[in-house]
Amino acid sequence: MVVATDGFRPLDEKSVVDYIKATPTLRAQLGNQVDGLAIKEVGDGNLNFVYVVVGTAGSLVIKQALPYIRCIGESWPMTKERAYFETLALQEHGRVCPNHVPEVYHFDRPMSLIAMRYLKPPHIILRKGLIAGIEYPLLAQHMSDYMAKTLFFTSLLYHSTSEHKRAVAKFCGNMELCRHTERVVFSDPYKVAQYNRWTSPYLDRDAEAVRDDDSLKIEVAELKSKFCERAQALIHGDLHTGSIMVTSDSTQVIDPEFAFYGPMGFDLGAFLGNLILAFFAQDGHADKGNDRQAYKQWILRTTEETWNLFQKQFISLWDEHKDGNGEAYPVSIYNKPELQLLAQKRYMANLFHDALGFGAAKMIRRIVGVAHVEDFESIADASKRAYCERRALDFAKMLLKERCRFQTINEVISAIQEIPAF
């Protein structure tokens, strides 16, 4: 086993057991029954190792960050410190929304290691459930609750400016992962880049068209500026359907290693954009037994309900705490009901357009950028996959460029439904 000079050593299934035995907090979580532990490495993401540990008297998950991007290798280094910021985000988001964030049991900074609650079966990754065509009746309610609480309670609508600046400063060190997002979302898809890929040769011209679209580049530059410059709230930073685990009555948000104080619309857009990607992928998963048409409509309803419920709850939190410490709209200034309503209307309209823009940018990078989504990748027929991807890409390009013409989520859903088959 290689041990770095900073105390870091990558664990494997055998050494995880030794680590647990040497860590009282973890032994206690397992009821001090550490013989015969079942250990399984389940990390299917792009970055980390994830070990599920199950014993006779308890269970947990151990996640360890590597000093590079796992899906690429040592040729793309990545700071291990992301585990520290992930822990901070899990703790802060868990404090304001404990129903939808797994509890952290232990953090080892030199080892870049987090131990947390094991989300037992039947929990599965939401993306896999969407591919399988499973409906989750509480998904919109749960995700709107998570996003409303985590975004509101870490914003200037709730905090004083001094509290907010201290919180922003705490997360400024996660700049390497922010730089990674800047690169893969806002830069690489719009130029020739080493790790870009797409379903070739079917989408060769589509990828070239993205690189040649000057108006698209102008719009994505505006979004990149907001991402880099606007410390609006503590955002998850990578809130796609692969970062959410679900059952029919449980929704748990995981993997906030990209967390920092950024624009609220980035989290909202990531989730909504990934639902829309799932919608466009359904035709590739249809078969004679299930044309997926009813499921596509469920996805669109969930998309619409998520935004509408989020907006309602966010404004409700704002109204509830308008006399508190928040310094964005102090009651001494915004002291008339009609003025408060006007401020809220403008705030939510801007947030909605941000969400649409960021969501569209996230869709584009998943089709012509470095890391794709299983929704499309699991479609074996390349021509069918490209058909689904092209429809998603064309919609995303339109949405990014024309986001400000949409005033409601219903208008966005209508625009999706009006897209003709090729």
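Here's a quick briefing on one helix pair, the nonpolar cores and a buried glutamate. The model is predicted, so local features need pLDDT of at least 70 and side-chain atom pairs count only at pLDDT 80 or more, while totals for chains, interfaces and linings use all residues. Numbering starts from 1 along each chain as its sequence is written, and side-chain values use heavy atoms, with hydrogens and water left out.

**Helix 10 against helix 12**
- The axes (lines fitted to C-alpha atoms over the stretch in contact) of helix 10 (residues 264-285) and helix 12 (residues 337-368) come within 7 Å and cross at roughly 50°.
- Helices here are DSSP runs (H or I, at least four residues), numbered from the N terminus.
- Residues making the contact (heavy atoms within 4.5 Å) include Gly269, Gly273 and Phe280 of helix 10, and Ala355, Phe358 and Gly359 of helix 12.

**Nonpolar cores**
- A nonpolar core is a set of buried (under 20% relative accessible area, 1.4 Å probe, protein chains only) Ala, Val, Leu, Ile, Met, Phe, Trp, Tyr and Cys residues joined through side-chain atoms within 4.5 Å.
- The largest one has 110 residues, and Phe310, Phe314, Phe376 and Phe395 touch the most other members.
- Leaving aside neighbours within four places in sequence, Phe395 is in contact with residues including Ile276, Phe280 and Met363.
- A second, separate core has 18 residues, among them Val16, Ile20, Val34 and Leu37.

**Glu86**
- You'll find Glu86 in helix 3 (residues 82-96).
- Glu86 counts as buried because its relative accessibility is 2%.
- Not counting residues up to four places away in sequence, Glu86 touches Lys63, Ile114, Asp255, Pro256 and Glu257.

How values were computed: Axes are lines fitted to C-alpha atoms, for helices over the stretch in contact, and angles run from 0 to 180 degrees between N-to-C directions. Helices (H or I, at least four residues) and strands (E, at least two) are DSSP runs, numbered from the N terminus. Buried means under 20% relative accessible area, exposed over 50%, partly exposed in between (1.4 Å probe, protein chains only).
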